[in-house]
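I opened the model this morning to go through it piece by piece. These are my notes, in the order I looked things up.

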Protein chains: 2
Amino acid sequence: MNATVIANQQFRLAARPVGLPKPTDWRQTSEPVQEPRDGEILVKALYLSLDPAMRGWMNEGKSYIKPVGIGEVMRAGGIGKVVASKSPLFAVGDYVSGVLGVQQFWTGAANDASAALAKIDPAVAPLPKWLNALGMPGMTAYFGLLEVGQPKPGQTVVVSGAAGAVGQTVGQVAKHKGCRVVGIAGGKDKCDFVVNELGFDACIDYKSGSLREELKTKCPQGVDVYFDNVGGEILDTVLTRINLKARIIICGAISQYNNTTPVKGPANYLSLLVNRARMEGIVVFDYADRYPLAIAEMAKWMRDGTFKSREDIVQGLEKFPEALLMLFEGKNFGKLILQVSGE
Amino acid sequence: MNATVIANQQFRLAARPVGLPKPTDWRQTSEPVQEPRDGEILVKALYLSLDPAMRGWMNEGKSYIKPVGIGEVMRAGGIGKVVASKSPLFAVGDYVSGVLGVQQFWTGAANDASAALAKIDPAVAPLPKWLNALGMPGMTAYFGLLEVGQPKPGQTVVVSGAAGAVGQTVGQVAKHKGCRVVGIAGGKDKCDFVVNELGFDACIDYKSGSLREELKTKCPQGVDVYFDNVGGEILDTVLTRINLKARIIICGAISQYNNTTPVKGPANYLSLLVNRARMEGIVVFDYADRYPLAIAEMAKWMRDGTFKSREDIVQGLEKFPEALLMLFEGKNFGKLILQVSGE
């Protein structure tokens, strides 16, 4: 392979979006693939992960990770194949996960901390699973639920965005730990999926307009753990149903990310006082040294057929801008992935 | 003493307030003092505690304690003297603390759970202190700070309502535990008091309009523990300055209790996510079995002169309605107490 004559198509951040990202917030560029120097590798991107968190990375301001700069290639996690290597850490043909960016090829130091490349084994699970249950969303779900949520067998766990990448895993891990699990999702298809395919005990279609009533009937013992991916009205409504000493995991707030008005804070937060309850944030990177344990446990469940996951795969790097919007419109059904190339 | 000929003046809840309690929300009644029957005692109220929480007790709806019913004597903690006893638990002349209600005399079973009577020792500290640092506000401060807040020596603790009953104790306990302590209070007098009299490291006058800037300069290492008594804009502003793994104790939200619009939820709550921080409620009753330990420790500090507290004592039961409003207007300076009778 002669990498120097191959073009690398990229999406760069052209402007900080106001509200939903517009086509003009992106700039599509093409540059020659960079050949690896000593210690570097060249990775061909196969699958890119599209996540609600990406919206936050596009904003200016201090957060848990630095914003993507104007003119920079948009940050994205992905799965790729090593196509050239001048590092002993990875060999040509290895599959890796890491922060590859929204582009066809990634070149850089094999031990680059911000890329966080790791070898993955396609024999353990198909590649897209490594962006879902065995990737960041799965790790977020696993450690957020178990470490922050501290669910006990028999307790009721509620998760919003239940059919999404994080929600699928939250619910199934909670079931494996002996909890009653109630999902919240948008639409009958997603609700049917998490109950019939993933084994949740119940699911509430928040679009039905009866969230408050259904929380009562479907969580007759109240809510012990709430894993929140959405924020807004749903968080506020669940706060009215929490039990004493409940734990609320703040993982995201997809309903608020594209606000042009200030974020809607949870007006019912004093329910934390009344119930001596806790609301706590999770950032997955804090648990990096324990990812292998979580992967091993979930891969075992996958092998024995007691853990499933669903991906929604969009084809083609050029679809990136419109595919990203699917997340904020609730149009994806399962973990949203952009397939950049065949293997 | 012939109790039957003595009148017991009372304040009863006449209507559920909308916004600030109005004079017509109260009904003043007078009834003959009830003589104790077997197992009962008669307590003459000396001091009644006026607390922000009372506003919540006047609302309908589920909370950590049942609402005061329309027509019932308003609930209030207090200090009194036993003037007649048909119970072996208390003798005439004993001083007691308990839920006496807004009235001059309390008669009931010596072991009545909702009154929660306990003998107090005026030799340990003057009676009003038993409604302040050695009473509910002090216990709330002590256990909220230490159990929920988990401050470590050298960390920065911020407390709002710093000159109030809870705030005074939060700050001084935190100083005793080796923390840097920054208060937030309304006005220069209160700020001077907590710094010069109570030994806080600094205080921010939120009325100065520069809370955000002063939080930066007075908490150069950020905020590790925030003890919130006020909610609203102050909570939201502190959320922008919290450190990784910060703990926010939700003790009250005096800025929101008289809202006729919905409570303002903390719009910056996603700072919990970014900082993997925690927001947790405290209800003091959960720590009842350990009150004696807290009292012993703070009484020791009082004796050795390293712990002070200030009360704002209003004279006369008839002043109850207007005195209560002082809390919501920030007019009290120190723990607000209504003196019902001389000893």
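First, the term I need for elements: helices (H or I, at least four residues) and strands (E, at least two) are DSSP runs, numbered from the N terminus. This is a predicted model, so I note its limits: local features need pLDDT of at least 70, side-chain atom pairs count only at pLDDT 80 or more, and totals for chains, interfaces and linings use all residues. Residues are numbered from 1 along each chain as its sequence is written, and chains are lettered from A and ligands numbered from 1 in the order in which they are written.

**Entry 1: two loop residues with positive phi**

I looked up B:Gln150 in the loop between α2 (136-149) and β8 of chain B. Its phi is near 45°, a positive value in a residue other than glycine. For burial I use this rule: a residue is buried if 20 or more other C-beta atoms lie within 10 Å of its own, exposed if 12 or fewer, and partly exposed in between, with C-beta atoms placed from the backbone. B:Gln150 has 14 other C-beta atoms within 10 Å, so it is partly exposed.

I then went to B:Ala116, in the loop between β6 (105-109) and β7 (118-120) of chain B. B:Ala116 is not a glycine, yet its phi is positive, about 50°. I noted B:Ala116 as partly exposed because 14 other C-beta atoms lie within 10 Å.

**Entry 2: strand β8 of chain B**

Is β8(B) mostly covered or uncovered? I found five of its five residues (156-160) buried, so by that rule the strand is mostly covered. B:Thr156, B:Val158 and B:Ser160 point one way, and B:Val157 and B:Val159 point the other way.

Next, its neighbours. Two strands pair if DSSP finds at least two bridges between them. β8(B) runs parallel to β9 (residues 180-185) of chain B, and five bridges join them. In β9(B), B:Val182 stands opposite B:Val158. To get from β8(B) to β9(B), the chain passes through helix α3 (residues 165-176), and this β-α-β crossover is right-handed. Right-handed here has a set meaning: with the strands pointing away from the viewer, the path from the first strand over the helix to the second runs clockwise.

β8(B) also pairs with β11 (residues 223-228) of chain B, in the parallel sense, over three bridges. There, B:Val158 stands opposite B:Tyr226.

**Entry 3: how the two chains relate**

β13 (residues 278-281) of chain A pairs with β13(B) in the antiparallel sense over three bridges. The bridge partner of A:Met279 is B:Met279.

**Entry 4: A:Ile250**

A:Ile250 lies in strand β12 (residues 242-250) of chain A. I found 28 other C-beta atoms within 10 Å, so A:Ile250 is buried. A:Gly281 is 31 residues apart from A:Ile250 along the chain, but their C-alpha atoms are separated by 4.6 Å. Leaving out residues up to four places away in sequence, A:Ile250 touches residues of both chains, including A:Asp228, A:Met279, B:Leu272 and B:Leu273.

**Entry 5: chain A overall**

Chain A has nine helices and 15 strands. Buried residues make up 50% of its 343 residues. The C-alpha atoms fill a box of roughly 65 × 45 × 35 Å, taken along the principal axes.

Notes: Two residues are in contact if their C-beta atoms, placed from the backbone, lie within 7 Å.
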